[in-house]
Amino acid sequence: MIKEVITVILLVVGCFFFLAGTLGVLRFPDLFSRLHALTKADNLGLGFIAAGMALHIASPWAALKIFSIWLFTLLASSTSCYLIARFQREQEQSKNKKERG
Amino acid sequence: MSVLIDSILAILAVYLALQCLLAPRLTQTVFIFFAFGLALALAWVRLGAVDVAITEAAIASGFLGVLFLDALRDFSFTAPNKRENLEAVHDPLSRNDTKSLLLPRLALWLGLGLFLLIALEAVWKIPDGGGLTAAAEALLPESGVEHPVTAVLLNFRAYDTWLEIGVILLGLLAIFAVGGIKLYRKPGVAADDPLLRQVILFFTPVLFLFGAFLLYFGKTGPGGAFQAAVLWGAIGILLHLGGRPVFSVIPRWLGQLLLTVGLVFFLVLGFLLMAGGGALFEYPPAHAGVLILIVETLAAISIAAALTAIFANLNQMKKEEPNEIESTN
Amino acid sequence: METYQIYSLTSAVLFVIGIGGVFASRHFIKKIIATIIMGGGVFLCFVSFAERDALSFADPVPHALVITGIVVAVASAAFALALARRIYQLTGEESFTNDK
């Protein structure tokens with residue numbers, strides 16, 4: 001019983017962070033803050049949901065698999081976030097150069 | 001409760017499909033297409049088809065989405081001004097030339113509405129034939145694997161799977177015919193970014209291991225050659241994006257071997273089994289498990305190589321290289 | 001309403017959306033995506049009837065056919081994309097136009 005309550009709480013908290021991240025993507029003004037909302041909030045939400053699912057399944061191997069999924073998602077999303085931000089910054093810099101020169 | 005979830009998912013899929021086609025900008029179309037693929041994958045999980053869900057998420061949404069994204073760089077980033085002109089003049093949703101197009105458009109919508117009604121009725125009234133579940137269940141012990149979908153794919157209907165590997169190879173050859181072979185170009189500059197390089201170095205063994213796990217796990221559960229092949233193909237794509245195109249690094253004969261080994265081994269095995277007195281792809285039940293695992297591994301290698309080659313070839317079709325085009329013709 | 005009925009009706013709708021997209025959209029990429037959506041409708045129909053015929057597991061034959069079908073659809077879409085990019089490379093056109 002207590003386990004189920006904790007699972008539900010974790011899932012709800014995870015969904016809340018996903019909602020916040022989505023709201024940020026839709027509402028924030030520029031690309032960098034949007035990326036910030038997407039990667040930070042959504043990864044946290046995914047972490048909570050993964051913890052909830054691991055608790056629900058309650059098997060050490062499955063928990064390990066779920067944890068590694070979360071870890072790889074973290075790695076992939078932070079790298080792609082960095083790459084997108086770098087691309088945007090290069091675009092802006094070349095644009096500025098054109099405008100100056 | 002379950003009807004509610006399914007209905008929401010169904011409405012979401014239809015909404016995303018509509019949005020995908022109605023979105024004004026091409027980038028939106030492609031990103032909604034990713035979301036549509038994921039919604040379909042969820043629908044397949046709801047229908048108990050986990051294998052199909054993995055394949056959809058990996059190939060139809062992932063791999064194809066990557067190809068579209070790559071094409072976007074050509075289509076919308078290089079010529080933004082031209083694009084806007086095109087949209088204004090030729091977009092069917094802008095009402096510039098309404099009069100000349102009114103009749104065909106009306107006919108199209110009427111026809112679509114009629115077709116929708118017919119399709120809904122056909123799907124609603126489809127007769128109950130009982131399906132092949134019982135037959136598959138009865139023969140499962142002889143197939144050499146425990147997962148019914150893998151048994152159908154690689155034993156009961158192995159002919160289909162063999163031809164499918166052929167179709168992928170054929171697609172690659174057709175792409176070569178369209179754009180010229182650009183696989184064997186010298187490797188470009190390695191990824192200049194240290195973070196990207198490290199991440200690619202980290203993900204290559206992980207993806208390989210995960211692919212091998214899926215391949216072996218296909219014997220008992222959802223997974224198998226195609227899912228593993230996409231993961232291994234993702235390695236090739238990552239390395240290509242990191243400036244180390246696989247097909248330029250390995251010798252030419254090895255590339256050709258990798259592309260064809262699955263198809264050829266499958267065929268040779270089929271003929272050997274025929275020579276042994278059985279039908280084409282009729283595995284002896286005692287050795288079926290081992291044979292299926294070997295066939296699956298080689299097929300996965302071939303499909304992964306073909307996917308990598310398709311991506312590498314499409315990635316190098318850029319507009320900015322007129323000299324390149326002339327030299328390949 | 002059974003689960004499979006929801007999805008089989010959805011499949012008909014998706015197929016029609018795809019056909020409409022093939023006719024009504026101009027850009028090559030949109031046309032290709034429309035064909036993929038059509039294919040998605042057909043696959044959804046197959047899998048929903050596999051769910052209807054389930055005994056201890058869902059009918060595996062449609063599942064296998066759909067996996068095969070997805071890969072073939074992706075191969076043909078990649079070929080279509082190559083054709084589209086080649087046309088763009090040679091003429092600069094992004095859609096079929098009747099101007100010339």
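These are my notebook entries on three chains of a predicted model.

**Ground rules.** Since I'm working on a predicted model, local features need pLDDT of at least 70 and side-chain atom pairs count only at pLDDT 80 or more, while totals for chains, interfaces and linings use all residues. Residues are numbered from 1 along each chain as its sequence is written, and chains are lettered from A, with ligands numbered from 1, in the order in which they are written.

**Entry 1: chain B.** Helices here are DSSP runs of H or I with at least four residues, strands are runs of E with at least two, and both are numbered from the N terminus. I then checked burial: of 329 residues in chain B, 41% are buried. Buried takes 20 or more other C-beta atoms within 10 Å of a residue's own, with C-beta atoms placed from the backbone. Next came contacts, meaning two residues whose C-beta atoms, placed from the backbone, lie within 7 Å. Among chain B contacts between residues at least 6 apart in sequence, 73% join residues at least 24 apart.

**Entry 2: H2 of chain A.** I noted its buried residues, among them Leu35(A), Phe48(A) and Ile49(A). Their cover includes helix H1 (2-27) and helix H3 (60-100) of chain A.

**Entry 3: two helices in chain C.** How do H1(C) and H2(C) cross? The axes of H1 (residues 3-24) and H2 (residues 28-52) of chain C come within 7 Å and cross at roughly 160°. Axes are lines fitted to C-alpha atoms over the stretch in contact, and angles run from 0 to 180 degrees between N-to-C directions. H1(C) and H2(C) are therefore roughly antiparallel, the word for angles over 145 degrees.

**Entry 4: who touches whom.** Chains A and C have no contact, and their closest C-alpha atoms lie 22 Å apart.

Terms used: Buried ≥ 20, exposed ≤ 12 C-beta atoms within 10 Å, placed from the backbone. Parallel < 35°, antiparallel > 145°, perpendicular 65-115°, else oblique.
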